[in-house]
Amino acid sequence: MQTIQPHRGSVFVAVHAHVAEVPHFGGGLCARLVAEGYTGFLVRTTNDESSGGKTAAQNILANETEHAAMAKALGFKDVFELSYCSHRMNEISPLELRGRLVFIFRLVKADVVLSFRPSSEGEPDSDRWITGRAVEEACQTAGSTNDFHEHAEAGILPHAVRQRYWFHARPGQAFNRVVDITPYLDKKIDAIVECRSQNGDAGSLLRARLAKEGRRLEMLGDDDRTADRAYVRQFLLEEFRAYAQGHGFDYAERFDYIGPPEDQSAKVEDYIAKNAVRMVR
Amino acid sequence: MRRRKFLAGTAALGAVPALAQANQSPAARERSPDLPARFTPSAWATRKTGYTPFAVPDYFTFASDLAVERNVTGKPHTGKVLAAVQAHSDDIPLFCGGTVAKLIDEGYAGYLIRVSNDEASGTTLGHGVAQNESDAQNVGKQLGCRKTISFYYRNHRMDDGAIIELRARLIFLFRVLRVNTIFTMDPYNHYDENPDHIVVGKAVEGACWMSGNRDYPEHYKAGLQPTHIQEKFYYARSPQGHNLVNRIVDVSSYIDVKTRANMANLIKGPAGNGGVRLREYLRAQGKRLPLLGNDDDTANFQYVKHFLMEDFRVLGQQFGIGYAEAFRYIGPDTPYLDRIRRAALEQSVAL
């Protein structure tokens, strides 16, 4: 576990469409960034009305509550809810969504974002790639003085996002960074089990089912919390475990990482330093 | 043009009577003989000089509770904020510049918000955008606005975009600026040819309501507060516009400010260097019009005031005032709950 905080003063924003996505695809990295000094903010673009097995209204309320609990488990400072209708984001204005993300990135002065790959190969959930696409655009636009310039009226100034971590959410999606999340595994599991409307309670449900059948699984323990955590560890994190093996650690998350753009002005200054000659007057 | 001539009224025209009367049609009268007596007209054909299409619209529909708003003394609106939202740099100065100037003089802090980039007027697209940006700033200054803000959407293409995005930006500004009162094109203005006007009117209307409630909660995390727009002044575009009018504002004391605001639009709208051009035209005919004076500024000022503003004076005459502007005015919400409680208390008996 990191004890020093080299990133104190830096800010990251994790943007997902549905409650369980950040904990599942990037919960370990989020916990790690917080531990290393980052201040984290969480943005959910949908209202998750389609997830939870209840009425749309009950699903919205349950997911909203669970989202806050999940954010707390990972150490996020605050949560932004954009509340677009789940699985219907195709119908919204991309520009309006981008504008809201630009506002948030500027407001919190985001240095790093986590979200879905804008191209999202193999992704059947349109909410995900629409969210990723808007995040990518907003990262750039947030640094542009002339875009949404009215924000300056509230003292909210342009601020470019310099690093992006795109989730590896489907087989076949590209990644170029593997993050050892082993020390943060418990935090990741804590976050996933808070998402009860999106499979976080699978362990306790299984334990109840088995009890009805007169059976039990040793690993599910004697209480719901233990059962939920054990279920996540055993069944939901298999791919994170399997991929980590090749890198010599226990659990890993994968990302397509895009770092800060190259500083062109430094190149120019370097060229000047090497080639400029003194003027003869 | 024939239509305007037919509708031209029988107004007594003061400042430039000879020219004005030349534009009157002998057939023009209060009621057309072609309209059978059993029909009651539901719209009033306005009286116009024919000097400019961009003053009062062809028709108004007047509400039975119409009120005339006159000058007030002092600064009764101190602490309040108005936002005048226009699609183009000439909309506010032409159609409601007098009332905006009046309210600012009476204490309002004013902000001018221009939504388009006005690229459609200018020798090139770039020239149009740059000159209108500068002109819009000067219009705001002439009206006494604290600031002019431009959004730069493409001119005459605003129905191409998502109105929700524009509305979101307006909600943000209304909350930041703590706006109490807005001016904009009537979102229900009939027969308006310009799509930008309708888009802006609808966006403003929605933003007025939504800026007071819980939409865009991220704004509140930035420390902004909901703002409740208490008063709305909707104006009609001319000549084709037609809206319901329930408020006539006497802008006689502010007609010079309005004139100057219109002069600030150098390449958009009917003002610009019109006075200078008219003087040159007369000179080429071997004539001069004393009204236009001996310098460019005087010529342009008098041209705008005595030709382009003349229809506003004719409108004012109908209400016994000098210059007038007409609005669909929507005032503060009725305090329903207070009324229910008051009525309940009056009818209550002791426990």
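Q: How many residues does helix H6 of chain B have, and what span should they cover?

A: In this predicted model, helix H6 of chain B runs over residues 195-210, and at 1.5 Å a residue its 16 residues should span 22 Å. The end C-alpha atoms are 23 Å apart, which agrees with that expectation.

Q: Which residues of H6(B) are buried?

A: An α-helix has 3.6 residues a turn, so residues three or four places apart point the same way. In H6(B), the buried residues are Asp196(B), His197(B), Ile198(B), Val199(B), Val200(B), Gly201(B), Ala203(B), Val204(B), Glu205(B), Ala207(B) and Cys208(B). Their cover includes strand E3 (81-86), strand E4 (109-116), helix H5 (163-177), strand E6 (181-185) and strand E7 (231-235) of chain B.

Q: At what angle do H5(B) and H6(B) pack, and how far apart are their axes?

A: Angles from 65 to 115 degrees count as roughly perpendicular, and those under 35 as roughly parallel. H5(B) and H6(B) pack at about 50 degrees, with axes 8 Å apart, and the two helices are therefore oblique to each other. The crossing of H5(B) past H6(B) is right-handed.

Q: Which residues of H5(B) and H6(B) meet?

A: From H5(B) come Ile163(B), Leu166(B), Arg167(B), Leu170(B), Ile171(B) and Phe174(B); they meet Val199(B), Lys202(B), Ala203(B), Val204(B), Gly206(B), Ala207(B) and Met210(B) of H6(B). By class, this contact of H5(B) with H6(B) holds ten nonpolar residues, one polar and two charged.

Q: How is the packing of helix H9 of chain B with helix H10 of chain B to be read?

A: The angle is again the starting point. Helix H9 (residues 274-284) and helix H10 (residues 296-308) of chain B pack at about 105 degrees, their axes 6 Å apart. That makes H9(B) roughly perpendicular to H10(B). On the H9(B) side the contact is made by Gly274(B), Gly275(B), Val276(B), Leu278(B) and Arg279(B); H10(B) supplies Asp296(B), Ala299(B), Asn300(B), Phe301(B), Gln302(B) and Tyr303(B). The contact of H9(B) with H10(B) comprises five nonpolar, four polar and two charged residues.

Q: How many residues of chain B are in contact with chain A?

A: Contacts between chains are counted on both sides: 15 residues of chain B touch 15 residues of chain A. On the side of chain B, H5 and helix H7 (218-221) each supply at least two residues. H5(B) gives the most, with eight residues. That side of chain B has eleven nonpolar residues, no polar and four charged.

Q: In chain A, is helix H5 mostly covered or mostly uncovered?

A: Helix H5 of chain A (residues 185-194) is mostly covered, with eight of its ten residues buried. The buried residues of H5(A) pack against helix H1 (21-35), helix H2 (56-74) and helix H7 (224-236) of chain A.

Q: Where is Arg178(B), and is it buried or partly exposed?

A: Backbone angles can also draw attention to a residue. Arg178(B) is not a glycine, yet its phi is positive, at about 60 degrees. Arg178(B) lies in the loop between H5 and E6 of chain B and is partly exposed, with 15 other C-beta atoms within 10 Å.

Q: Is Tyr216(B) buried or exposed?

A: Tyr216(B) counts as buried, with 20 C-beta neighbours inside 10 Å. Its phi is also positive, near 55 degrees, and Tyr216(B) is in the loop between H6 and H7 of chain B.

Q: Which kind of peptide bond joins Ser238(B) and Pro239(B)?

A: The bond is cis, with omega about 0 degrees. Pro239(B) is in the loop between E7 and strand E8 (244-250) of chain B.

How values were computed: Residues are numbered from 1 along each chain as its sequence is written. Chains are lettered from A and ligands numbered from 1 in the order in which they are written. This is a predicted model: local features need pLDDT of at least 70, side-chain atom pairs count only at pLDDT 80 or more; totals for chains, interfaces and linings use all residues. Helices (H or I, at least four residues) and strands (E, at least two) are DSSP runs, numbered from the N terminus. The expected span of a helix is 1.5 Å times one less than its number of residues. A residue is buried if 20 or more other C-beta atoms lie within 10 Å of its own, exposed if 12 or fewer, and partly exposed in between; C-beta atoms are placed from the backbone. Two residues are in contact if their C-beta atoms, placed from the backbone, lie within 7 Å. Ala, Val, Leu, Ile, Met, Phe, Trp, Tyr, Cys and Pro count as nonpolar, Asp, Glu, Lys and Arg as charged, and the others, Gly among them, as polar. Axes are lines fitted to C-alpha atoms, for helices over the stretch in contact, and angles run from 0 to 180 degrees between N-to-C directions. Angles under 35 degrees count as roughly parallel, over 145 as roughly antiparallel, 65 to 115 as roughly perpendicular and the rest as oblique. A crossing is left-handed if the near helix is turned anticlockwise from the far one by less than a right angle, and right-handed if clockwise.
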